[in-house]
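Visitor: Before we look, I would like each label tied to its cut-off.

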Amino acid sequence: MPALPETLLEVKDLVTAFDTDAGQVTAVDGVSFTVEKGKTLGIVGESGCGKSVTALSIIRLLPQPMGKILNGQVLLDGRDLTSIEDAEMHKVRGGRIGMIFQEPLTALNPVHRIGKQLSEVFLLHMDISKKEAWDRSIEILQKVGIPSPEVRVTEHPHQLSGGMRQRVVIAMALACKPSLVIADEPTTALDVTIQAQILELMKSLQAEMGMSIIMITHDLGVIAETCDDVVVMYAGRVAEKGTVHDIFERPAHLYTKGLLDSIPRMENTPKTRLQTITGYVPGLMELPVGARFAPRSPHPDAKAYMESEAYQNERPELLEIEPGHWVEDHPVVRVDKLTT
């Protein structure tokens, strides 16, 4: 009998909000998921759905003073990161959890050499000398596939290509051999060939180091290539979650199906329009309590539902439709409830 997977990270009912001039807006609304040891979880959704805010909530790097976690738990090996002291969180961030940011040019300091920035990571989390930190910086650059690392450590970020800079950011995230790496759209700013190299690098480093990864992206191709489990987010909530096979082979939420149908495929008739999801993501100030995908749903009862009290007052639960496969439970957003 195979061993049961071990849970590394468990996010429970996470609610994150921002104070604005127009009032408080909730960007992440009751999100729950788990990340297993050695596995990759993908979080996918359109821009503004709460993917990055979820990541920043996990590592407590929300913009201050306006960003705050209002509710929920973030359990790393059973320890709630939302309630520990800032000094303790400082040790976790970079030590137990590494972060790969979306744009390496903004993640790296333009006025410091690569070696100095990498050394700082080692010096913050380990009791070692500056010489040893410098040597380890060269070693980690070599591990992420940067040629002539002893030369690169003396250079500034602007002297490296986009792919090289992203490798440096990956090296910084992996420097202290974290248990979990959060990758926020790590390939968005790169061309396709470099993107494939970076994804392959992350897979090989994961196999070598045994870490878990949260891959945040809007690219379903990246999800299919790298992930074991997937969370589909829409308007701050989980629309559907399951294994990568559940999501791609048996999508249960109409939003998930819409995302998959919009992918260009080789078997599509040439020069025909791609399928799209009508409408747009609602603004954070105008979110209903009910099923938030309803205004864009092709279900014939969607309009009547939006005029009902339930749309304004009743939040749909997540339903487990098969082991490990959960979907927002309302007829107007369920694939199996869509009448043709």
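Guide: What follows sets computed values against definitions. This is a predicted model, in which local features need pLDDT of at least 70, side-chain atom pairs count only at pLDDT 80 or more, and totals for chains, interfaces and linings use all residues. Residues are numbered from 1 along each chain as its sequence is written, and side-chain values use heavy atoms, with hydrogens and water left out.

Visitor: Why is P65 called exposed?

Guide: Exposed means over 50% relative accessible area, buried under 20%, and partly exposed in between (1.4 Å probe, protein chains only). P65 has a relative accessible area of 68%, so P65 is exposed. P65 lies in the loop between α1 (51-58) and β4 (67-76); helices (H or I, at least four residues) and strands (E, at least two) are DSSP runs, numbered from the N terminus.

Visitor: What is the omega of the peptide bond that joins Q64 and P65?

Guide: Omega is about 5 degrees, and the bond is cis. Most peptide bonds are trans.

Visitor: What makes the pair of Y234 and F293 edge-to-face?

Guide: Rings of Phe, Tyr and Trp (its six-membered ring) pair if their centres lie within 6.5 Å; planes under 30 degrees apart count as stacked, over 60 as edge-to-face and the rest as tilted. The ring centres of Y234 and F293 are 5.4 Å apart and the planes are at 90 degrees, so the pair is edge-to-face. The pair links distant parts of the chain, 59 residues apart: Y234 is in strand β9 (residues 229-234), and F293 is in the loop between α11 (254-261) and α12 (302-306).

Visitor: Are Y234 and F293 buried or exposed?

Guide: Y234 is at 5% relative accessibility, so Y234 counts as buried. F293 is at 2%, so F293 is buried too. Y234, Y255 and F293 form one aromatic cluster.

Visitor: Why is the pair of Y305 and Y311 given its class?

Guide: The centres of Y305 and Y311 lie 5.3 Å apart and the planes are at 75 degrees, so this pair is edge-to-face. Y305, at 7% relative accessibility, counts as buried, and so does Y311, at 8%. The structure holds four aromatic pairs.

Visitor: What is the phi of K177, and what is that of K271?

Guide: K177 has a positive phi of about 50 degrees although it is not a glycine. Phi of K271 is near 60 degrees, also positive in a residue other than glycine. Most residues other than glycine have a negative phi. K177 lies in the loop between α7 and β7 (180-184), and K271 in the loop between α11 and α12. With relative accessible areas of 65% for K177 and 89% for K271, both are exposed.

Visitor: Which residues are annotated in UniProt as "domain: ABC transporter"?

Guide: The annotation, from an unreviewed UniProt entry, covers residues 9-260. The end C-alpha atoms of that span lie 27 Å apart, and the span is 41% helix and 28% strand.

Key
UniProt positions renumbered as here; feature names shortened; annotations may be inferred.
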